[in-house]
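Please look over the model below. The report that follows goes from whole-chain values to single residues.

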Amino acid sequence: MADIMEKIVSLTKRRGFVFPGSEIYSGIGGIYDLGPLGVELEKNIKNAWWKNIVSQRENVVGLDSAILMNRQVWHTSGHVESFTDPLVECKNCHTRFREDHLPKSKNCPTCGKNDWTAPRMFNLMFKTHIGPVEEDGTETFLRPETAQGIFVNFKNVLDTMRVKLPFGIAQIGKGFRNEITTGNFLFRVREFEMMELEYFTYPKQAEADFEYWQKERMDWHLSLGLKKENLRFREHESDERAHYATRSVDIEYNWPFLASQGKPGWGELEGIANRTDYDLKQHAKESGKDLSYFDEETKEKIVPYVIEPSIGVGRMMLALLIDAYHEDKNRVVLKLKPELAPYKVAVFPLLANKPELVKLARKIYLDLKSYDLGLIAWDDRGNIGKRYYAQDEIGTPYCITVDFQSLEDGTVTIRDRDSTKQTRVKINEVKSKLEKPLT
Ligand code: GAP
């Protein structure tokens, strides 16, 4: 199983999905750049999340808060004090690890010895400074979660959007964590895009809403094509929960690399937490601002509880790539859902040296590009079989080919990625044929 990761890392590099960060300078640990196809896949994942969480609901609104926030935010939220992992160092080879990520044997993964320093708590936030002077008062942090931007804007949203409990505020944006050890490609990195929903609710309804969001989130993963057998829920033990949570359930994915490293294959894909009224109360106390909600029915002020589903886009991308990766006899296919695939369709002339075929194919290509169908690929290199395989490998669900029959009867072939079956379609019906399965 381990080699599926090698294959995915190689495919995503070779075909322009993911590049190691700052590669020409030997890279930078735990940072990746998205290439032209990666950025499309990422955008499609984010769009699918936004559609499901914001656009299709009546009671969730969006937000885009700044990455840099007043340093007090991170003191109040508890991150300065508690957003830490236990760091140990091998006394023999001086490699550093997260104590809770050591193998069962506790032997050093680098040199094999078992001789560690005592653990010390290492804060995962990246420090930076605001303004030209680097002194204590100018220090702040790159956000390790987007959630705090939501909590500090709670009152602004209440005042401007006429929202009523229960309601949610959703945000997609970068998070930064100075992880002690990174690895497993996009699984654990230091800079990543997060999709977070803070769902504000009545305290007495929080437990029921927690159950509701568990189901909603699992259904979303299944709707995007993740395999049911690779997903499960896992309730956190009290000693593994974040400092703000009274209950946490992970949606876990059966990662092939964890299994091959002698650890259980199951690992976090998404976290769902009951943050109670912890954050709003803390911010109200430290800022002196009233962050309560006035309930019109009971005429009471309430500090809502918060249910938070939170997931990293890169981790989702990795799970999708693993489940989508297939090898047939002579081809590699990424069986991504059409709505996620970087290119929605590719257009080819059967032969590149026949100007009449190229002319008609270009016309169809440019015409399709003028609609809001998503990205359309053009390819006229090499033989047609190779072009099909090249599109299969990046997950393009349909390929349109203009051949000699096209010139005679105004039809083209549409080839389906998964079945490889080709159907003949009138040129003026291509758009509607594509739209149906693409929506
Ligand atoms: N606001 C809640 C929160 O930050 P979390 O469980 O620490 O919760 C949420 O992170 C999600 O972010 C995780 O479920 C995972 O998908 C993703 N994530 C966390 N740390 C990550 C890292 N170092 N690299 C990639 N993704 C990460």
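## Charge and basis

Lys and Arg count as positive and Asp and Glu as negative, while His and the chain ends are not counted. A charge is placed at NZ of Lys, CZ of Arg, CG of Asp or CD of Glu. On that basis the protein chain has 63 positive and 66 negative side chains. The centres of the two sets lie 5 Å apart.

This is a predicted model, in which local features need pLDDT of at least 70 and side-chain atom pairs pLDDT 80 or more, while totals for chains, interfaces and linings use all residues. Residues are numbered from 1 along each chain as its sequence is written, and side-chain values use heavy atoms, with hydrogens and water left out.

## Overall build

The protein chain has 14 helices and 23 strands. Both are DSSP runs numbered from the N terminus: helices are H or I with at least four residues, strands are E with at least two. Along the principal axes, the C-alpha atoms fill a box of roughly 75 × 65 × 50 Å.

Of the 439 residues, 50% count as buried. Buried means under 20% relative accessible area, exposed over 50%, and partly exposed in between (1.4 Å probe, protein chains only). The chain exposes about 21400 Å² (Shrake-Rupley method, 1.4 Å probe). Carbon and sulfur atoms supply 50% of that area. A contact means heavy atoms within 4.5 Å. Among contacts with a separation of 6 or more, 66% come from residues 24 or more positions apart.

## Helix 9 and its end

Helix 9 spans residues 278–287, and its buried residues are D279, L280 and H283. Why do they line one face? Seen down the axis of helix 9, the buried residues fall within an arc of 95°, so they line one face of the helix. The arc is that of the directions from the helix axis to the C-beta atoms. An α-helix has 3.6 residues a turn, so residues three or four places apart point the same way.

These buried residues pack against helix 3 (71–76), helix 5 (147–152) and helix 6 (154–161). They also pack against strand 10 (191–201) and strand 13 (266–276). Just after helix 9, G288 takes a positive phi of about 75°.

## Backbone exceptions

T276 lies in strand 13. Its phi is near 50°, a positive value in a residue other than glycine. T276 counts as buried, at 10% relative accessibility. K106 also is not a glycine, yet has a positive phi of about 65°. K106 sits in the loop between strand 5 (96–98) and strand 6 (120–123). K106 is partly exposed, with a relative accessible area of 40%.

The peptide bond from L165 to P166 is cis, with omega near -10°. P166 is in the loop between helix 6 and strand 9 (167–176).

## Two buried strand residues

R415 is in strand 22 (residues 411–416). R415 is buried, at 4% relative accessible area. Its side chain makes a polar contact with the side chain of D392 at 2.9 Å. A polar contact is a pair of N or O atoms within 3.5 Å; within protein, one must be able to donate a hydrogen and the other to accept it, and residues adjacent in sequence count only if both atoms are side-chain atoms. Beyond four places in sequence, R415 touches residues including R331, Y388 and Y398.

M195 is in strand 10. M195 counts as buried, at 0% relative accessibility. Not counting residues up to four places away in sequence, M195 touches residues including W49, W220 and I311. M195 and R241 are 46 residues apart in sequence and 19 Å apart in space, C-alpha to C-alpha.
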